[in-house]
Amino acid sequence: MIELNFDVVVIGGGPSGLASAIEADKECAKVLLVDREKLLGGILKQCIHDGFGLTRYKKQMSGPSYAELDILALKESKVEVMSNAFVLKLSKNNDLFTTTIQTDKGMAIVKSKSVVVATGCRERTKAQVCIHGNRPSGIFNAGTAQNLVNLQGVMPGKNIVILGSGDIGLIMARRLTLEGAKVLGVYEAKATPSGLERNIHQCLEDFNIPLHLSCTVTKVIGDERVEAVEVAKVDERMTPISGTEKIIPCDTLVLSVGLIPEIELIKPLNLKLNRRTQSVEVDQYGETSLKNLFIAGNAQMVFDLVDYVSEKSKIAGAKAAKVALKETEDVRAVTVESQGDILFASPNRITLDSKSVKLFFRSAKDMKDSTLTISDGSKVIREIKYSSLLPPKMESVVLALNQIESDKITLSLSEDK
Amino acid sequence: MEVKKLVCINCPKGCHLTCNLEDLSVEGASCEKGIEYAREELTAPKRNLTTTLALSERMLKLNGRARLPIISKEKVDKAKLLSLCLALGNIIIDKEVKMGQVVATIENIDFLASISLKGEENV
Amino acid sequence: MTLHSLKKKLPNIKVYLKEGALHLEGEVDNYETFLSYGKLAVKLKSRGVVNDLTIKGLKAKPMREPNVEDSTLEGKHCDVLIIGAGIVGCAIARELSKSKVSILVLDKENDVAVRASSRNDGMVHPGIDIHPGLKKAKYNSRGNRLYTTLSKELNFDFIRNGSYIVLPKPWMKFVYPIFWLRAKQNGVDGIAYISKKKLSKLEINVAPWQCGAVYTPSSGIISPYKVTIALAENAALNGAEFSFETVVRGFEKESEEIIKVRTNRGFVYPKVVINAAGVYSDTIAQMADDRFFSIHPRKGTEIILDKEASSLTSSVIAKLPFGDVKNHTKGGGLVRTIDKNMLVGPNAVETIEREDDSTTREDVEAIFEKHKKVVPSLTERQLITYFSGTRASTWEEDFIVEKSKKVNNLIHAAGIQSPGVTAAPAIAEDIARFAKEILTNVEMKENFIASNPYHPILSKLSLEEKDRLIKQDPSYGRIVCRCEEISEGEIRDALLSPLPFTPTLDAVKRRCRAGMGRCQGGFCSPRVFELIHELRGIETSQIKKGQGLFAPFTVKEDDK
C-alpha cells in the first residue's frame with residue numbers, strides 16, 4: 001500500500017479534470033490526476049461528432065481531438081497521472097484530505113491540501129422515467145449506445161426509437177442513421193425540445209427523423225428482444241394521457257432522459273446541496289461548502305458546451321492550487337438567489353476576492369423578449385435584455401464585484417409584457 | 001416574396017436567419033459565416049461528416065482502442081453522407097496515425113484522423 | 001363439502017375425481033370465475049385440484065422454449081435427473097452430490113436462478129405467518145435453521161436481522177398470544193412482543209400510528225440468486241452435471257417407471273426423475289400422467305431503492321396483513337437486502353401467464369402507497385428499478401414434496417412458492433432421501449467437498465487485503481462496475497466458472513452484481529460485453545443480455 005502526498009488531487013480525467021490539473025500545475029502545485037479508465041479523455045473519447053472547441057480554439061473539432069489537445073498539454077506538465085485508478089473514498093481530517101484509491105498496482109492513500117472533484121455525470125435510467133412492460137434486451141441509455149457504436153463498432157439495433165430530445169439523444173439519432181440503422185422517431189415528454197436547436201436541425205431534420213413532442217414511451221413490449229414500444233401523449237405534468245397510446249414496432253429503445261451529476265463520492269461529507277443543479281452549492285471558483293474541496297465540470301452542473309467546462313475547470317484548478325500552496329484569508333462571500341423563470345444559476349455564492357465574476361444560468365422555459373434583473377439586496381445593479389432564451393442553452397453574464405454592498409445577489413428573469 | 005427560415009448551425013449562438021429565396025439576401029446573422037451558411041444551405045447544403053474507421057487487432061492491442069474517429073477535411077454534400085459512411089466501412093487502419101493526418105480519401109474527399117495512434121511499441 | 005354439493009355449485013362444469021384428485025373441465029366466461037371455482041374446489045379436501053377450465057377469449061402464452069435442437073445429451077444415462085435449476089433443484093443436486101450417484105440437472109433457461117429464484121426478496125422467513133397444518137410450515141422451520149450451517153459451508157452472506165410485524169391497533173397486543181402459540185407450533189424461536197415505545201426507538205422510521213410489533217429474531221436475509229449459484233457450483237464441484245437451454249418434452253414409461261426422457265438435446269435415460277420445475281411442475285407431472293395438482297401463477301412485483309434508503313430500517317418491517325392473510329399472500333413490506341438496498345413489496349396478482357416478468361406503473365404506484373403508510377419517509381426519488389416474478393402456486397397453496405404415488409421413480413418438489421427460498425435446504429434433504437430410497441444401496445462419498453473455491457469479493461476486503469490481492473493479480477485492481485465497485489478480476493472469476501451456463505450480461509450480473517447499481521449498467525455493460533467476448537471467445541453479435549441478444553450488429557453491416 002503506498003502513501004503519497006500532493007498539493008492538489010484531481011479526481012476524473014475527462015475535460016474538466018484535465019483542465020483543472022493542467023492549470024493547477026501552472027500555478028506550481030504538485031498535482032495528482034486520478035482516472036478510472038485506461039485512457040484519459042473521459043466521455044469525450046466517445047463523442048466523435050464535431051461541435052467542440054468553437055469558443056476555446058475558434059475551430060470546430062470532434063470530442064477526441066479536443067481531449068487530445070489537453071492530454072498533450074498534460075504530458076508536457078509535471079502532473080502525475082494514475083489511470084485504471086478508482087477513488088473509493090474521500091475524507092477530510094483537520095486540514096488534509098485523504099483520497100483512497102484502488103489501482104491495478106495496489107491501494108494508494110493520498111493526502112492533499114485540496115481536491116477537485118471532476119467525476120462527470122451518469123444517465124437517468126428507464127425505471128426513473130416510469131417505463132414498464134417486459135424486460136427484453138434492446139434497451140440502452142444513449143451514452144451506452146454511443147460507447148458501443150463509437151468505441152467498439154457494434155450497433156445496438158436496426159429499428160430504433162429514441163426517448164428524449166436531449167443532445168445525446170439527437171446526436172445518437174444521427175450517428176445510428178449514418179451507420180445504417182433506421183431511427184423511427186424521437187419522442188420528447190416536454191412540449192419543447194431539450195437539446196440545442198442546431199442539433200434538431202442537423203441530426204433530425206437532415207435525416208427526416210420525426211420529433212414527437214409531449215409524448216413519452218410508457219411500455220416496452222417484447223419477449224427476448226424489444227419488439228415494440230408503447231408511446232402516449234402526455235399532459236403538462238408529463239403524465240401519460242389515457243387513450244392516446246400507440247404501439248410502435250421496433251427492435252431497440254434508446255433513452256436520453258437526463259443527466260445526473262455523479263456526486264456519490266462526496267455525499268458522505270455532508271456538503272450543502274443544490275437541488276436545482278442536482279449537485280452541491282459552489283462559489284464562482286467551484287469551491288463547495290467544505291473548504292478547499294472544489295467540484296468542476298458536469299459533476300458541478302450539467303453544461304451544454306465543453307468549452308465552458310474547460311473554462312470553469314481551469315478556474316477551479318488554479319484556485320485549488322493557490323489555496324493548497326498558501327493559506328488564504330477568509331474573504332466575504334455573498335449568496336446568489338434565483339427568482340422567476342430561471343431553471344438554475346451558478347454559482348450559488350460569490351467570494352469577493354476578484355474584480356468580476358461570470359455567472360451562468362439556464363432559463364426554465366422558451367422565452368422571447370425577456371429581462372434578467374440583477375439586484376444587490378434591494379438595489380437593482382444590472383438589467384440585461386434577451387430577445388430569445390432557450391433552456392438547453394446556457395447563458396453567461398459578467399458582473400463587476402467592486403460595488404456589491406449587501407450579502408445577497410438576486411437574479412430575476414421574466415418575459416417582458 | 002418567398003422566404004425560408006433557418007437556424008444557423010455554425011456555432012452555439014444558433015442565429016435565426018431569414019433568407020429571401022429570390023435574391024438570396026439573409027437577415028438575422030450576427031456574422032459573415034451565417035450569411036454564407038444560409039446561402040449554401042438553400043443551394044447546396046453541406047455538412048461535416050464525423051464517423052469512425054476500424055482498427056486492426058494489432059492496433060487495438062497497441063492503443064487500447066478498436067476504432068479511429070475521423071472527420072471530413074471539408075464539409076461534404078449533405079446528400080452523400082450515408083453513402084460515404086458506407087464506403088468508409090471497408091477500411092481498416094493498421095499503421096501509425098497522427099492527429100490531422102489524411103487517413104482515407106473517398107470520391108476526392110479527404111478524411112482526417114481526430115487523434116494520434118502509435119503504430120509500434122515503445123514510441 | 002361433498003363432490004355432489006360441489007357439482008351443484010359449479011353448473012355446466014365437468015367435475016370428477018381421478019386417482020384422488022379433483023378435476024375441473026369446461027369453459028368459464030372470465031378469469032375471476034376461473035379463480036373462484038378453483039378456490040371452491042379446494043374445500044373438497046381432495047388430494048389436489050386440477051383446474052383445467054378454459055377461459056373464454058383468454059389463453060396463456062405457450063411455454064417459452066429454447067432455440068436449440070441438438071443431440072448433446074443423446075443416450076445419456078444418469079442415476080438422478082433433476083428437472084429445474086432454481087434454488088430447489090440446485091439444493092437437491094447439492095444434497096444428492098454428497099452421495100455416490102450420478103446427477104444431471106436440466107433447465108430450459110440459459111442459467112440457474114433465472115426465474116422465481118432470482119425474483120424474490122431473499123428473506124429467510126421465520127415462519128410465523130404460515131398455517132401450522134401446511135407442509136410449508138414444516139419445511140420453513142427446518143430450512144430456516146439449516147441456513148446457519150449452509151451459509152458457513154458455502155460461504156455466502158447470511159444475516160439474521162429480525163423482522164417486525166407492526167400492529168396497527170392497540171387492542172392487537174392481546175392477539176400476541178396467538179402469535180406465540182403459532183411460533184411454538186411452527187418452531188419459531190425467540191418471538192417477542194415489542195411495545196410501542198420500544199419500537200419507536202428501535203425503528204425510528206416507522207409510522208406514528210404503530211401500536212407495537214411482534215418481533216421474530218430468526219428472520220434472516222440472503223441473496224437468493226447467489227445462494228442458488230453457490231449450491232449449483234458446489235453440486236458441480238462434486239460431480240453433478242448441468243445442461244442449460246434444455247427442455248423436457250416427454251417421458252416414456254414402462255410398467256409405471258420412466259425409462260426414457262425426451263429433450264430438445266436427445267434422449268436421457270435416468271433411474272430417478274425429480275420434478276422441480278416451478279411454474280411448469282404440473283406440466284412435467286402431466287407428461288408422466290401423474291398430474292394431481294395444477295399451478296395457478298401469481299405475479300409479484302418488487303421495487304428496489306438506492307442504498308441511501310437502507311437507513312430506513314436494518315430489519316424487515318411489515319404491517320400485520322389482516323385482510324391479506326385470507327388471500328394466502330404475504331402483505332409484503334420493507335426488506336433491507338444483504339447488499340444493503342431496500343426492497344419494497346411484493347404485491348400479489350393472479351395471472352394466467354406463467355412466465356410474466358413485466359411490471360406496470362399502477363402496480364409500482366400501489367406498492368409505494370401501501371408501504372408509505374408504514375414508513376412515511378419512503379420516497380419514489382430513491383427508486384433504482386423494479387422487477388417481477390411469478391409464483392408457482394397450487395390451489396391448495398402448499399408445497400408438494402413427495403414420491404409419486406403412481407410412477408415408481410418420479411419424485412415431486414412441486415408448487416414451491418414462498419417460503420420456497422427458506423424451505424429449499426429442508427426440501428432438498430427429504431427429496432434426496434426419497435431418491436436414495438428408490439435407488440437403494442446408495443453410499444455416501446468420503447470425499448465430498450462441502451465448500452466452493454474461494455473467489456474474492458473486493459468490496460468486502462480491508463485495504464490491506466485488497467492491496468495484497470491486487471499485487472498478486474492486477475485485474476482485481478481495475479474497477480469495471482463503479483456503482484458497486486466490482487473489479488475485472490471478479491467478473492473474470494464469474495465467467496470462468498465450471499458451471500456451463502451461457503455467459504450473458506445477466507449471468508454476470510447475478511454473480512457479481514455488476515449492473516445492479518444506480519446507473520443500472522449504463523457505464524459497465526459495454527465493458528462486461530467486451531470481457532465476455534475476450535474471456536469466453538463468443539462473437540459480439542452472439543452475446544446475449546438475458547434471453548435476447550445485446551448488440552447484434554456491427555457498424556455498417558448490410559441489411560440481411
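How many residues lie between β6(A) and β7(A) in the hairpin they form, and which residue in the turn has a positive phi? This tour of a predicted model begins there.

**First stop: a hairpin in chain A**

Please select residues 85–93, which make up β6 of chain A, together with residues 96–103, which make up β7. The two strands run antiparallel and are joined by 8 bridges. To follow the pairing, pick A:Ala85 and look across to A:Thr103 in β7(A), which stands opposite. Then move to the turn: the hairpin has 2 residues between its strands, and A:Asn94 in that turn is the residue with a positive phi, of about 50 degrees.

Keep A:Asn94 selected. Most residues other than glycine have a negative phi. A:Asn94 is not a glycine, yet its phi is positive. Is A:Asn94 buried or exposed? A:Asn94 counts as exposed because it has 4 C-beta neighbours inside 10 Å, and a residue is classed in this way when the number is 12 or fewer.

**Second stop: an open sheet in chain A**

Next, select the strands β10, β16, β17 and β18 of chain A, which form an open sheet of 4 strands in that order, with mixed pairing. β10 (132–133) and β18 (246–249) stand at the edges; each has a single partner strand, so one side of each is left without a neighbour in the sheet.

Turn to chain C and select C:Asn12, in the loop between α1 (3–9) and β1 (14–18). C:Asn12 is another residue other than glycine with a positive phi, here near 65 degrees. C:Asn12 counts as exposed because it has 7 C-beta neighbours inside 10 Å.

Most peptide bonds are trans. Which form does the bond from C:Gly345 to C:Pro346 take? The bond is cis, with omega near -5 degrees. C:Pro346 is found in the loop between β20 (342–345) and β21 (349–350) of chain C.

Then select C:Ser418 and C:Pro419, which are joined by a cis peptide bond with an omega of about 5 degrees.

Notes
Residues numbered from 1 in each chain as written. Chains lettered and ligands numbered in written order. Predicted model: local features only at pLDDT ≥ 70, side-chain atom pairs only at ≥ 80, totals over all residues. Buried ≥ 20, exposed ≤ 12 C-beta atoms within 10 Å, placed from the backbone. Pairing = 2+ DSSP bridges.
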